[in-house]
Amino acid sequence: MNELHLSKSLSFAICASVAFAFSVVCGADENGVSMTPKSGDVRVSTVQDVPGYNSWPMVQAVGDRLVCAYSRGSAHTINEGKRGVFARTSSDCGKTWTDEVCVVNDPGLGEVTIGKGVTDDGAMLLWVRNWGKVRRHDLYRSEDGVEWKKIATPSLDPMPMQITDIFKVDGGSLMSLWFAGSYSNKEGGHSWGTLTSADGGRTWMQRTVESGLAKSEWPTEQSAIHLGNGRILAIARCERGGRCQFQLTSVDNGVTWKRELTNIRDVRESTPSLIYDAKTRTVFNYYYQRGARRLKCRRVNVDQVFGDPMTWPEPTVLAEGKEARDYDAGNVNATAFGDRHSLALYTGSTTDTTVFVVTSPVRQP
């Protein structure tokens, strides 16, 4: 009896271990939502799969851990009161995650994670959009991904639809790009610009770069990297009907900009996320091709594309999702963590989606 009990217990333990290993490698949740790696050295792990629309994640390396913040509501909506922002952390490069903490969940507002970054002293910054009875953007700060404090609510005009990831520019200031307008088919009235902070994110100065744009000209959900000597490179999403991702460049620390089309056409409202390796001068452009259900990366020497946006090389497919509708997936957000890149994204159904982190070794072009 004891031997039989031990054998059953051992078998259960082995099966449980295999199941856990499979879920880490293949990123499957109990509802069958999955993110499948397309290469043996790519790992997928589940960050959050509780019932609800777990979506629009932001991931950031903070010291020796990863922090993943995300939003959860009942569907693909941004203004429902039950939608809030939550976070989990990982100390083993995304294999396992700590218990969820609530960043903010006002029952009268829909809160969504929209941008992230780090300060000079290594703390994580997180932009949260509040949409409902009022519309505003709050900036939160955390040193560990567990305790969060709101440090800014800038007064903005025009009111952005979104403020994107924070990066550093010459002189030590922080910068984010923003865009304002409507995702509908309404033409005109679309704009974008910069936000700059010289005090660690507590106050911000807003500038408009372009306004009065048609939807087809509107660069949204931008991801930017600073290259030094005043140069900034950003890639932006195109909205429905757009042909390809936009490339935005500045040579004067973000005062003036040039907007161009790229040859990156395998997109459908595909949010980009850039990582820059200054040692090799390599830029990595991560994005999710909605419809095709593919997580992709294009990597190239930054000097090749900075002046010629039509020379981005062909992509590598890292993983594949399993969503029914095109837009119940995507919104990739990336961070460098040691010798690997960690990419947060989501996929699922109209009411239940899962946040995954895909971890890939750094590959040079």
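Predicted model: local features only at pLDDT ≥ 70, side-chain atom pairs only at ≥ 80, totals over all residues.
Colleague: Before I look at any details, what is the mean pLDDT of the protein chain?

Modeller: The chain averages 90, and 91% of its residues reach 70 or more. Over residues 1-24, though, the pLDDT is below 50. That stretch has ten contacts in the model beyond near neighbours in sequence. Where pLDDT is low, the coordinates should not be read in detail.

Colleague: Thanks, I'll keep that in mind. Now to pockets: how much space lies in the largest pocket?

Modeller: About 640 Å³. Its lining is made up of 31 residues, and those nearest the centre are His76, Tyr183, Glu221, Arg237 and Arg290. The elements giving two or more residues to this lining are β3 (53-62), β7 (109-118), β16 (220-228) and β24 (329-337).

Colleague: And which classes of residue make up the lining of the largest pocket?

Modeller: There are eleven nonpolar, eleven polar and nine charged residues.

Colleague: What about the second largest pocket: what is its volume, and which residues are closest to its centre?

Modeller: The volume of the second largest pocket is about 560 Å³. It is lined by 21 residues, with Val118, Ile166, Phe167, Ile225 and Leu274 closest to the centre. Two or more lining residues come from each of β7, β12 (167-168), β16, β20 (273-277) and β24. By class, this lining has twelve nonpolar, six polar and three charged residues.

Colleague: You mentioned β20. How do I read the order of strands in its open sheet?

Modeller: Follow the pairing from strand to strand. Five strands run in the order β1-β23-β22-β21-β20, with antiparallel pairing. β1 (36-37) and β20 are the edge strands, each pairing on one side only. The partner of β20 is β21 (residues 282-289), joined to it in the antiparallel sense over five bridges. To find your place there, look for Asp277, which stands opposite Thr282 in β21.

Colleague: Last one: how should I read a single side chain, and which residues is Gln206 in contact with?

Modeller: Begin with where the residue sits, then look at its surroundings. Gln206 is in strand β15 (residues 205-213). Leaving aside neighbours within four places in sequence, it is in contact with Leu156, Asp157, Pro158, Pro160, Trp178, Thr194 and Leu195. Take Trp178: it is 28 residues from Gln206 in sequence, with 9.1 Å between their C-alpha atoms.

Colleague: Which backbone atoms lie 2.9 Å and 3.1 Å from polar atoms of the Gln206 side chain?

Modeller: The backbone nitrogen of Asp157 is the one at 2.9 Å, and the backbone oxygen of Pro158 is the one at 3.1 Å.

Terms used:
Residues numbered from 1 in each chain as written. Heavy atoms only, no water. 1 Å grid on protein atoms, 1.4 Å probe; cavity = no way out; pocket = protein on both sides within 12 Å on 5 of 7 lines; lining within 4 Å. Points joined across faces, edges and corners; volume = space filled by probe spheres on them. Helix = DSSP H or I, 4+ residues; strand = E, 2+ residues; numbered from the N terminus. Nonpolar A, V, L, I, M, F, W, Y, C, P; charged D, E, K, R; others polar. pLDDT = per-residue confidence, 0-100. Contact = heavy atoms within 4.5 Å. Pairing = 2+ DSSP bridges. Polar contact = N/O pair within 3.5 Å; in protein donor to acceptor, adjacent residues only side chain to side chain.
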